[in-house]
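Hello,

Here is the structure we spoke about handing over. Please look it over first; my notes on it follow.

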Amino acid sequence: MRRRIGAALAVGLAVSLVAGCAPGPIEDDSPQEVQSMDPADFAGKTLTYMYFTDGPDEQATRDLVAQFEQQYDVTVDLEILPYADMVTSTLNRLSGGNAPDVARLTSLTDFRDDLLELDPYLGDDYADQFLPGPLEAVRSDDGALLAVPSDLTMNGPFVNLDLFERAGVPVPEKWTWDEMIAAATKVKEATGTPYAFAMDKSGHRLSTVLSEYGTYLLGPDGNALDVDTAVEALQPLVDMMADDDMPADFWLGSGSRYAGANEIFLSGDAPVYLSGNWQVAQFAKNAGFSWAVAPNPCAEQCGGFPGGKFMAAFRESENPALAAEFLRFMNDTEHQETFVATAGALSTRKDLSETGVTYADPVTQTAMDTFRADLLITPEAGFASNANPAFAAAATDLVEAVSLVVSGQTDLRSALTTLDGQIDDLVAELDR
């Protein structure tokens, strides 16, 4: 059994013992056909859904939950927790023998041994409805489906169109990293903004840059970092912070913790901001200037870096069939489209990725269409890297490595060489 890392270490033994007593999946090697459920089978039962919200998705979730309750004559206990508490609270419930039926997750790493295998309930062909990239994160070592990818995120640059227009700098339909930095610097100089470029303090966002230069923290076989390529990819960011074209104080201000640079962009202090599609709703509401999402810059390759959310059921659920049916309901074509259109997310379904999703207003539609176009050219290796159980810890180590460079404690190559060894250690820890 793989050992958990991060928050799970504190309660890993207790959780493993509980999971060891839990009933296993239906043991049947024959193909499982999708079950046609009669709502009467579930009448009167209660389902617990542990959930965190990004904001606009909450009402869509409440509306869909109400539809499910009415259709199946059941009660869904929607427990909304702060995102920062989600992992710890879920692990505590598992260790206390009080498992939720379903949870919304950003990673399966801490829970893989506790998740319900869905194939016996949803059918062996159910996963074929979803894009192959998001499925990278939800398979067990034996190939079983452990969760449903419920929505996708995609990293990409936002641009302040008013500043670009005032500077007389066009926003191209396609650009390289060098061209993007040069354009942002020209806008800064022409308009007097404090910075040319901002990005979230995030190993996930840094992985966007690595991906576009052709390297990754992790791959299916473990450590995938090419130090030489990583130096080439990240040196421009370090140089921009040294030249005050990118806010170094912001990067160093929160230790190893994530920090979003959205306020820097909203205040008009940087013409280009690397973040992701979850910012679209607040920018559409709060930005006092014209803005747009630009295509990700290309280097060795194009596209962005993916993330997303998952819905998973737990082996200790008192109603596993109901839990699985809830996952199916929430992620069929109609209901997933309702959710992602409201949340400003991207669909994980093949059909919706082909047809596109209709969003609330023209600005949001244009922004999300740009993210979707980048999604379609994002290398599969990005999904594999993000899906690796060691990614979260490796991404934190990457942020710390860059911080050491920005603070002048080491050079970039030395920091990344150390990171390379740290990733090896993380992979070895998971394999024990």
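**The disulfide**

C298 is buried, since its relative accessible area is 9% (buried means under 20% relative accessible area, exposed over 50%, partly exposed in between, with a 1.4 Å probe and protein chains only). C302 has a relative accessible area of 22%, so C302 is partly exposed. A disulfide joins C298 to C302, with an S to S distance of 2.0 Å; a disulfide here is a pair of cysteine sulfur atoms within 2.5 Å. The count by this rule is one disulfide. Because the torsion about the S-S bond of C298 and C302 is about 115 degrees, the disulfide is right-handed.

**How the model was treated**

This is a predicted model, in which local features need pLDDT of at least 70 and side-chain atom pairs count only at pLDDT 80 or more, while totals for chains, interfaces and linings use all residues. Residues are numbered from 1 along each chain as its sequence is written, and side-chain values use heavy atoms, with hydrogens and water left out.

**Helix 8 and helix 18**

Helices are DSSP runs (H or I, at least four residues), numbered from the N terminus. Helix 8 packs against helix 18 at an angle of about 80 degrees, and their axes are 8 Å apart. Axes are lines fitted to C-alpha atoms, for helices over the stretch in contact, and angles run from 0 to 180 degrees between N-to-C directions. The two helices are therefore roughly perpendicular to each other (angles under 35 degrees count as roughly parallel, over 145 as roughly antiparallel, 65 to 115 as roughly perpendicular and the rest as oblique). From helix 8, G203, H204, L206, S207 and L210 meet F391, A395, L398, V399 and V402 in helix 18, where contact means heavy atoms within 4.5 Å.

A395 lies in helix 18, which covers residues 391-406. With 8% relative accessibility, A395 counts as buried. Leaving out residues up to four places away in sequence, A395 touches G203, H204 and L217. The C-alpha atoms of A395 and S202 are separated by 7.5 Å, although these residues are 193 apart along the chain.

**Helix 8 and helix 9**

The axes of helix 8 (residues 203-213) and helix 9 (residues 227-242) come within 9 Å and cross at roughly 130 degrees. Helix 8 and helix 9 are therefore oblique to each other. In this contact, L206, V209, L210 and Y213 of helix 8 meet T229, A230, E232, A233, L234 and L237 of helix 9.

Regards
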